[in-house]
Amino acid sequence: MSRIVLDVSISLDGFSAGPNVRMDEPMGDGGERLHAWMAGEGPGGAAELAIRQEVDASVGAALIGHRTFQLGLRPWGGTPWPGAPGFVVTHHAREDLIGDNGGRFAFDGLEAAARRAKEAAGGKDVLVLGAEVARSLLRAGLLDEVHLHVMPFLLGEGTPLFAGERAELIPVGEPVGGAATHLRYRVKKA
């Protein structure tokens, strides 16, 4: 059974992107530092590379916020994970788009996009990209798990991940440390 999983890097103060997100800086000012752990350098680097490989291998489809799609299309060169379809959550229907890497983007509303992504994932995970779509999924009771990669610095401002949302999260497994602290939670359903 496919799960909808938010797998995101955040600063210690809870931002998933830095301030001034724009086309030439899709992660905002200083936001690229959130992904430094993926290089696998330093203490815990081998474990962090294993985490990244596990995440990549688990992806069957992606649910993507519209703004994240707009900002990510050029750097991704198509869908974020080649071979895994991307479902863009939007209120503006349009034709499917084939990315430069051959991946297909489909455009739909939140619940329909989540349903279609789970069907397309073939038992693998549906990864969520974008803070707004993550909050919407949480509010709708559609988010199954949250995987956080917490970087030890403060951005001070930027895109807050949950921005006032409330939920009970149940730890899954033990935290893993390295350049980031890696935490996994299951979202308690009402």
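Let me start with a word we will need: a residue is buried when its relative accessible area is under 20%, exposed when it is over 50%, and partly exposed in between. Please also keep in mind that we are looking at a predicted model.

So, with that in hand, is D144 buried or exposed? Its relative accessible area is 18%, and because buried means under 20%, D144 counts as buried. Now look at what D144 does with its side chain: it meets the side chain of K189 in a salt bridge, at 3.2 Å from N to O. This pair links distant parts of the chain, 45 residues apart. D144 is in the loop between α4 and β8, and K189 is in the segment after β12. K189, for its part, is partly exposed at 38% relative accessibility.

How many salt bridges are there in total? The count comes to 14, and I will show you a couple of others. One joins D56 and R52, again at 3.2 Å from N to O. Here both partners lie in helix α1, residues 45-58, and they are four residues apart, about one turn of the helix. D56 is partly exposed, with a relative accessible area of 34%, whereas R52 is buried at 13%.

Another one brings together D108 and R116, whose side chains meet at 3.0 Å, N to O. Both ends are partly exposed: D108 has 23% relative accessibility, and R116 has 27%.

Some salt bridges also share partners. In that way E132, R135, R139 and E165 are joined into one network. Let's stay with R135 for a moment. You will find R135 in helix α4, which covers residues 131-139, and at 11% relative accessibility R135 is buried. Which residues does R135 touch, once we leave aside its neighbours within four places in sequence? They are P160, L161, F162, A163 and E165.

Now to the aromatic rings. A pair of rings is described by the distance of the centres and the angle of the planes. How many aromatic pairs does the model have? There are two, and F69 takes part in both of them.

Take F69 and F105 to begin with. Their ring centres are 4.9 Å apart and the planes stand at 70°, so this pair is edge-to-face. F69 sits in helix α2, residues 66-76, while F105 sits in strand β6, residues 104-108, and the two are 36 residues apart. F69 is buried, with a relative accessible area of 4%, and F105 is buried too, at 0%.

The partner of F69 in the other pair is F107. This pair is also edge-to-face, with 5.3 Å from centre to centre and 85° between the planes. Because F69 lies in helix α2 and F107 in strand β6, the pair ties together parts that are 38 residues apart in sequence. F107 is buried as well, with a relative accessible area of 6%.

One last stop, where a charge meets a ring. Over which ring does the charged end of R33 sit? It sits over the ring of F153, 3.8 Å from the centre of that ring.

Definitions and conventions:
Residues are numbered from 1 along each chain as its sequence is written. This is a predicted model: local features need pLDDT of at least 70, side-chain atom pairs count only at pLDDT 80 or more; totals for chains, interfaces and linings use all residues. Side-chain values use heavy atoms; hydrogens and water are left out. Rings of Phe, Tyr and Trp (its six-membered ring) pair if their centres lie within 6.5 Å; planes under 30 degrees apart count as stacked, over 60 as edge-to-face and the rest as tilted. Buried means under 20% relative accessible area, exposed over 50%, partly exposed in between (1.4 Å probe, protein chains only). A charge sits over a ring if NZ of Lys or CZ of Arg is within 6 Å of the ring centre and within 35 degrees of the ring normal. Contact means heavy atoms within 4.5 Å. A salt bridge is a side-chain nitrogen of Lys or Arg within 4 Å of a carboxyl oxygen of Asp or Glu.
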